[in-house]
Amino acid sequence: GPRMRPEPMFVHLLKVADTNKDGKITKEEFNTRQEALFTEIDADKDGSITPKEMRDYRKAKMEAWRAANPKPEKAAVDGDKKKAEGDKKDGEREGKPREAREEGKDRKGKMGGMFASADTDGNGQLSKPEFMAAGEKIFTRLDRNNDGVISVDDMPDRPWL
């Protein structure tokens, strides 16, 4: 998917990686989280992550998030002319049908983007060193002031409305 903006990524890391709750994520805290994440995603515990394991992990996390954060029902307008938000079938959206939205996705089940770029040996899987190296790049990108920690000082100044 698209790159996550630094602010929500920082907030997420505060929740999952800031073990001492000081509002900063050290490289050690980040690496500890990366190792735990690798173990969690590697479902068959063979020491590598496949695209299927990554998809299954992401799907399970999304389902858990949706279960914990249900959408509020919208009242139907003009009787039954419009559907309530909760009545949509899985994957249904306004505009293009699902098939058209998925056109162009690799039908062989391979993942592109970050997975492909992290797979430095090109074997279609992520070893732990490849996974950790990808995490190192993320840490470096988020540590904008190069002080060895990710903190609010690294977040871009944005004009909030």
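What follows is a short exchange on labels and their cut-offs.

Modeller: This is a predicted model, in which local features need pLDDT of at least 70, side-chain atom pairs count only at pLDDT 80 or more, and totals for chains, interfaces and linings use all residues. Residues are numbered from 1 along each chain as its sequence is written, and side-chain values use heavy atoms, with hydrogens and water left out.

Biologist: Why does Asp119 count as buried?

Modeller: Buried means under 20% relative accessible area, exposed over 50%, and partly exposed in between, with a 1.4 Å probe and protein chains only. Asp119 has 10% relative accessibility, so it counts as buried.

Biologist: Where is Asp119 found?

Modeller: In the loop between α5 (113-118) and β3 (126-127). Helices (H or I, at least four residues) and strands (E, at least two) are DSSP runs, numbered from the N terminus.

Biologist: Which backbone nitrogens does the side chain of Asp119 reach?

Modeller: The backbone nitrogen of Gly124 is at 2.7 Å. That of Asn123 lies 3.3 Å from a polar atom of the Asp119 side chain. The cut-off for a polar contact is a pair of N or O atoms within 3.5 Å; within protein, one must be able to donate a hydrogen and the other to accept it, and residues adjacent in sequence count only if both atoms are side-chain atoms.

Biologist: What makes α1 roughly perpendicular to α6?

Modeller: The axes of α1 (residues 6-16) and α6 (residues 128-142) come within 11 Å and cross at roughly 115°. Axes are lines fitted to C-alpha atoms, for helices over the stretch in contact, and angles run from 0 to 180 degrees between N-to-C directions. Under 35 degrees is roughly parallel, over 145 roughly antiparallel, 65 to 115 roughly perpendicular, and the rest oblique. Therefore α1 is roughly perpendicular to α6.

Biologist: Which residues make the contact?

Modeller: Pro6, Met9 and Leu13 of α1, with Ile138, Arg141 and Leu142 of α6. Contact means heavy atoms within 4.5 Å.

Biologist: Why is Lys21 called exposed?

Modeller: Its relative accessible area is 57%, so Lys21 is exposed. Lys21 sits in the loop between α1 and β1 (25-26).

Biologist: How do you know whether Lys45 is buried or exposed?

Modeller: Lys45 has 53% relative accessibility, so it counts as exposed. Lys45 lies in the loop between α2 (27-41) and β2 (48-49). Its phi is also positive, near 55°.
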